[in-house]
Structures are given as structure tokens and as C-alpha cells.
Amino acid sequence: MEDRLLAERILDQIADAVVYANRSGEIVRWNRATTSMFGFSAEEALGRSLDLIIPEHLRASHWSGFNAAMTTGVTKLQGRPTLTRALHKSGRKLYVEMTFAIVKVDEGEVLGSVAVARDVTERVERERSAVRTT
């Protein structure tokens with residue numbers, strides 16, 4: 001099997017959501033798990049801004065960090081997972097654990113950013129409920 005085809009199959013069949021955005025924050029890649037997590041089909045998401053899945057109150061801080069990463073070529077989290085909020089197509093807010101990486105060409109030029117996300121809403125709500133009842 002051709003390497004490129006294998007890579008596409010892996011990306012589409014992995015259980016975690018994978019979103020790739022170019023330097024301007026436009027969604028370029030959206031795998032099947034991302035559709036399941038956020039409710040938007042690839043057709044609905046591709047070419048749109050990442051604002052599609054970012055709650056309004058987090059957008060300013062997101063874009064500040066995103067633009068800094070696109071300029072410097074490094075992320076503040078350096079691959080460490082972070083818990084954040086995201087938006088489902090229905091308007092429901094999710095808790096997602098995400099990791100981010102900058103995608104570069106061999107010469108170091110920044111092409112964009114990739115995020116890998118997992119919906120942890122149930123776990124976070126269960127933990128918060130347990131804390132409230134103790």
C-alpha cells in the first residue's frame with residue numbers, strides 16, 4: 001500500500017479527533033472522529049475558521065496563542081495536553097483534552113497547526129459532581 005494512502009487511512013480511522021488548520025486558522029483537514037465529536041461533517045468544516053468549534057468567550061485567547069505559535073514556530077504547551085472547552089454543532093459545550101503541534105516544512109517554515117482532541121465531558125462532569133457531593 002502506498003505510504004500516502006496508508007497515512008490517510010490511519011488518520012481517518014484513529015479514534016481521536018484530528019484537526020489541521022493553515023497559518024490563517026482555516027480548517028484544512030478534519031477526520032471522521034472530529035465529525036463524531038463536534039457534529040460538523042468535513043464538508044461543513046473544511047475551509048471554515050477554527051471559530052467553528054471555539055466558544056466565543058475563548059476566541060480572543062485562542063487567536064492570541066495561535067498567532068504567536070504561527071509566528072514563533074513553537075507552542076506554549078510544547079505537546080503537553082490541555083483541558084479546554086469546545087463547541088458542538090448543536091451549541092452544546094464540550095470539555096476536550098487537546099494536544100497541539102506546529103506543522104513545518106523541512107526548512108522550518110510554519111505551515112499550520114494540528115490538534116488532536118478527545119472528548120472528556122463525561123469524565124469532567126462526573127469528577128465535578130463528586131467534588132460537589134463531598
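Ile-53 is buried, with a relative accessible area of 8%. This residue of the predicted model is found in the loop between helix 3 (42–45) and helix 4.

Thr-133 is found in the segment after helix 5 (121–132), and at 65% relative accessibility Thr-133 counts as exposed. Between Thr-133 and Lys-89 there are 44 residues of separation along the chain and 31 Å between the C-alpha atoms. Tyr-20 lies in strand 1 and is buried, with a relative accessible area of 18%. The C-alpha atoms of Tyr-20 and Val-116 are separated by 8.9 Å, although these two residues are 96 residues apart along the chain.

The next topic is the largest pocket. The volume of the largest pocket is about 750 Å³. Among the 30 residues that line the largest pocket, those closest to its centre are Ser-61, His-62, Phe-66, Leu-77 and Phe-100. Several elements contribute two or more residues to this lining, namely strand 1 (17–22), helix 4 (59–72), strand 3 (82–87), strand 4 (93–104) and strand 5 (110–119). Which element gives the most to the lining of the largest pocket? That element is helix 4, with eight residues. When the lining of the largest pocket is sorted by class, 20 residues are nonpolar, eight are polar and two are charged.

Attention now turns to the salt bridges. The count of salt bridges in the model comes to six. In one of them, Glu-8 pairs with Arg-29, and the closest N and O atoms are 2.6 Å apart. Glu-8 lies in helix 1 (residues 3–13) and Arg-29 in strand 2 (residues 27–30), so this pair ties together parts that are 21 residues apart in sequence.

The side chains of Arg-29 and Asp-12 meet in a salt bridge with an N to O distance of 3.3 Å. Since Arg-29 lies in strand 2 and Asp-12 in helix 1, this pair also ties together separate parts of the chain, here 17 residues apart in sequence. Asp-12 is partly exposed, with a relative accessible area of 23%.

A salt bridge elsewhere in the chain joins the side chains of Arg-118 and Asp-16, at 2.8 Å from N to O. This pair links distant parts of the chain, with Arg-118 in strand 5 and Asp-16 in the loop between helix 1 and strand 1, 102 residues apart. At 45% relative accessibility, Arg-118 counts as partly exposed, while Asp-16 is buried, with a relative accessible area of 16%.

Leu-6 is partly exposed, with a relative accessible area of 39%. On the surface, Leu-6 forms a nonpolar patch with Met-1, Leu-5 and Ile-10, and together these residues have about 400 Å² of accessible area.

A last point concerns the backbone. Most residues other than glycine have a negative phi. Against that background, Gln-78 deserves a look: its phi is near 50°, a positive value in a residue other than glycine. Gln-78 is placed in the loop between helix 4 and strand 3. Is Gln-78 buried or exposed? At 62% relative accessibility, Gln-78 counts as exposed.

Definitions and conventions: Residues numbered from 1 in each chain as written. Predicted model: local features only at pLDDT ≥ 70, side-chain atom pairs only at ≥ 80, totals over all residues. Heavy atoms only, no water. 1 Å grid on protein atoms, 1.4 Å probe; cavity = no way out; pocket = protein on both sides within 12 Å on 5 of 7 lines; lining within 4 Å. Points joined across faces, edges and corners; volume = space filled by probe spheres on them. Helix = DSSP H or I, 4+ residues; strand = E, 2+ residues; numbered from the N terminus. Nonpolar A, V, L, I, M, F, W, Y, C, P; charged D, E, K, R; others polar. Salt bridge = Lys/Arg side-chain N within 4 Å of Asp/Glu carboxyl O. Buried < 20%, exposed > 50% of the residue type's maximum accessible area, 1.4 Å probe, protein only. Patch = residues over 30% accessible without salt bridge, like charges linked within 9 Å, V, L, I, M, F, W, Y side chains within 5 Å. Areas by Shrake-Rupley, 256 points an atom, 1.4 Å probe, with all protein chains shown as cover.
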